[in-house]
Amino acid sequence: MAAETLAKLARLHAPISELDFSEEEIRRYSRHIVLPEVGGVGQKQINRASALVVGAGGLGSPVAFYLAAAGVGTIGIVDNDVVDTSNLQRQILHHTASIGRKKVESARETLLALNPNLDIVPYDVRLNSTNILAILKEYDVVVEGSDNFPTKFLVNDACVMTGTPVSMAGIFRFSGQILTVIPGQGPCYRCLIPQPPPPGAIPSCQEAGVLGAMAGAVGVIQATEVLKIILGKGELLSGRFLLFDALQMRFEPIEVKRNPECPVCSERPSITELIDYDLACEIPPSATSPSSR
Amino acid sequence: MADEALIDKELNLQGEVCPYTFVKSKLALEMMQPGQVLRVLVDNDESAANVPRSMQNEGHDIIGVTKLNEKNWQITVRKS
């Protein structure tokens, strides 16, 4: 495993010396604490962890909701969009009264209403090769829930280069795909898809549609993966690409291996600097949604 | 009943109810060393039944469950 990844995981799993929960925290997290795999120590690990959620949309909403409910101490939310009426069918962080507001502000308000003990950090930006590393270095683990391939590849590459565990996912119509990337240990997103598809090759959710509840299910799986990374428990979707067909209600894990020729995570990568790919289509901020919102 | 001298930590949970009697007992045990003994005081029958059962499910040894008077119970458990 890459030294950077080991350092990140070591920080997450460092010993806990005190279980100084408040009465409110004992009650709030009691259903976690009684789990043998979590306990007070695991709950403290969750409380001191930080997670960056890329996208406050169809995936980012359930992810951020469950991470906040679980008590992940610092949650960064990246999104430069504003809430639109068409978002509300699946983006459950936002409400009708939030229409027109910045998604990061709407998300922050919702998450703090659920759990005021947390630090919710809004990033009202579109990630690019210039800003991503400065944001990423503040976080233990990342969730990719954006709506476009340029961001997915940028996040994958930045996480590989910095050794940051990341849950990647995509959604389309009734189906979703999830992969957990532990850099240096399992395959990365580029091991499966070396290059982004040509702009326009894949219709966006805006064009093709997406079942809101399916997006929620995929996001909840991503949140579960993040909590398992933080706890160091269970088996991750690392090396298993999980396909979810909500219409037939089937989950199919596909075994995937690291690509020895992977352009970013192989021994001799051909990509050593972050790339800003062109967006498949330019979408006005108020009318979001290609492949993952 | 465990000898007073063998008790490493005591937790007075009188006034507390399930599941928090177990949650707080579990938190106390987590910070103790294997083999150390925790004594928990509870004041309701439900906790007196549930706490030892849950502790046992977690693999700890229940040394004793003793009714002290009309409503108070003492649960003594050794951390596994």
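Helices (H or I, at least four residues) and strands (E, at least two) are DSSP runs, numbered from the N terminus. This is a predicted model, where local features need pLDDT of at least 70, side-chain atom pairs count only at pLDDT 80 or more, and totals for chains, interfaces and linings use all residues. Residues are numbered from 1 along each chain as its sequence is written, chains are lettered from A and ligands numbered from 1 in the order in which they are written, and side-chain values use heavy atoms, with hydrogens and water left out.

**Stop one: a loop in chain A**

Select Arg173(A), in the loop between S5 and S6 of chain A. Its phi is near 55 degrees, a positive value in a residue other than glycine. Most residues other than glycine have a negative phi, and most peptide bonds are trans. With a relative accessible area of 42%, Arg173(A) is partly exposed (buried means under 20%, exposed over 50%, partly exposed in between, with a 1.4 Å probe and protein chains only).

Now pick Phe174(A), which sits in the loop between strand S5 (166–172) and strand S6 (175–181). Phe174(A) is partly exposed, at 35% relative accessibility.

**Stop two: another positive phi**

Go to Met249(A), in the loop between strand S7 (240–245) and strand S8 (250–255) of chain A. Here phi is near 50 degrees, again a positive value in a residue other than glycine. Met249(A) counts as exposed because its relative accessibility is 56%.

**Stop three: a cis bond in chain B**

Show Cys18(B) and Pro19(B): the peptide bond from one to the other is cis, with omega near 0 degrees. You'll find Pro19(B) in the loop between strand S1 (9–12) and H1 of chain B.

**Stop four: a salt bridge**

Which residue does Glu58(B) form a salt bridge with? Select Lys26(B): the closest N and O atoms are 3.0 Å apart. The pair links distant parts of the chain, with Glu58(B) in the loop between helix H2 (45–57) and strand S3 (61–67) of chain B and Lys26(B) in helix H1, 32 residues apart. Glu58(B) is partly exposed at 24%, while Lys26(B) is buried at 5%. A salt bridge here is a side-chain nitrogen of Lys or Arg within 4 Å of a carboxyl oxygen of Asp or Glu.

Next, select Glu23(A), Arg27(A), Glu16(B) and Lys24(B), which salt bridges with shared partners join into one network.
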